Amino acid sequence: MDGSKISFRPSELTEPQTFKIMNDSLELVRASLEKSQVNKGAHETVISFYGKMDNEIKYEEWKAYDPTGKQYNVLAVGGSTIEKTLTDHWREGYISMGDRRAKQPYEFRIMKLDQIPEELSLVREVVDKRYKDPNWSVLLK
């Protein structure tokens, strides 16, 4: 479980905004309203970003909240690559989300949020924590 929260005003994403949570860095670059990839004929809010993730991304779970506290499901889509890893120590690198060279950011697609709110909060409910130190232990009772 995580609970890390990013709050921002989508209208202020004319300049990128960077947020750091648990050694992960997310650079939000754009908010837009687009046709839903899941619900035909519907629109959804899309937050485009680039990320440098120290933690795994495969099992993360995000939720979005509008100013009234209404909760929305979030689908994270895009391309990612593992950077600066060693052949025998793949955990030493980081995960790069989005492709800056091709100008294709990763996206948080906020389903059923059919208008861009004045303020938005993204909460990472679950993080797939990556432990780089193999010499740790847990005391069991």
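The chain exposes about 9,200 Å² of surface, and carbon and sulfur atoms supply 48% of this area. The structure is a predicted model, and the values that follow describe that model. Of the 141 residues in the chain, 41% are buried. Along its principal axes, the C-alpha trace spans about 50 × 45 × 30 Å.

The secondary structure comprises zero helices and ten strands, so that the order of elements from the N terminus on reads β-β-β-β-β-β-β-β-β-β. When contacts with a separation of 6 or more are considered, residues 24 or more positions apart account for 66% of them.

Side chains of opposite charge can pair when their charged atoms come close. A search of the whole structure finds eight salt bridges. In one of these, the side chains of arginine 9 and glutamate 118 meet with an N to O distance of 3.0 Å. Because arginine 9 lies in the loop between strand 1 (4-8) and strand 2 (17-21), while glutamate 118 lies in the loop between strand 9 (106-110) and strand 10 (120-128), the pair ties together parts that are 109 residues apart in sequence. Arginine 9 is partly exposed, at 31% relative accessibility, whereas glutamate 118 is exposed, with a relative accessible area of 57%.

A further salt bridge joins arginine 100 and glutamate 27, whose closest N and O atoms are 2.3 Å apart. This pair likewise links distant parts of the chain, with arginine 100 in the loop between strand 8 (94-97) and strand 9 and glutamate 27 in strand 3 (residues 24-35), at a separation of 73 residues. Glutamate 27 has a relative accessible area of 18% and is therefore buried, since the limit for that class is under 20%.

In another salt bridge, between glutamate 44 and arginine 109, the closest N and O atoms are 2.7 Å apart. Glutamate 44 belongs to strand 4 (residues 43-53) and arginine 109 to strand 9, so this pair ties together parts that are 65 residues apart in sequence. Both glutamate 44 and arginine 109 are buried. Elsewhere, Asp2, Asp24, Glu60 and Arg124 are linked in a network of salt bridges.

Serine 48, in strand 4, is buried, with a relative accessibility of 0%. Apart from its neighbours within four places in sequence, serine 48 is in contact with Glu27, Leu28, Val29, Arg30, Pro105, Tyr106 and Glu107. Serine 48 and valine 77, which are 29 residues apart in sequence, have their C-alpha atoms 9.7 Å apart in space. Threonine 18, located in strand 2, is instead partly exposed, at 48% relative accessibility. With neighbours within four places in sequence again left aside, the contacts of threonine 18 are with Ser25, Leu26 and Glu27. The C-alpha atom of threonine 18 is separated by 16 Å from that of arginine 124, which lies 106 residues away along the chain.

Two lysines in loops have positive phi values. Lysine 103, in the loop between strand 8 and strand 9, has a phi near 55 degrees, a positive value in a residue other than glycine. This lysine 103 is exposed, with a relative accessible area of 68%. Lysine 112 lies in the loop between strand 9 and strand 10 and has a positive phi of about 70 degrees, although it is not a glycine. Its relative accessible area is 66%, and lysine 112 is therefore exposed, the limit for this class being over 50%.

How values were computed
Residues are numbered from 1 along each chain as its sequence is written. This is a predicted model: local features need pLDDT of at least 70, side-chain atom pairs count only at pLDDT 80 or more; totals for chains, interfaces and linings use all residues. Side-chain values use heavy atoms; hydrogens and water are left out. A salt bridge is a side-chain nitrogen of Lys or Arg within 4 Å of a carboxyl oxygen of Asp or Glu. Helices (H or I, at least four residues) and strands (E, at least two) are DSSP runs, numbered from the N terminus. Buried means under 20% relative accessible area, exposed over 50%, partly exposed in between (1.4 Å probe, protein chains only). Contact means heavy atoms within 4.5 Å. Accessible areas come from the Shrake-Rupley method with a 1.4 Å probe; for residues, only the protein chains shown count as cover.
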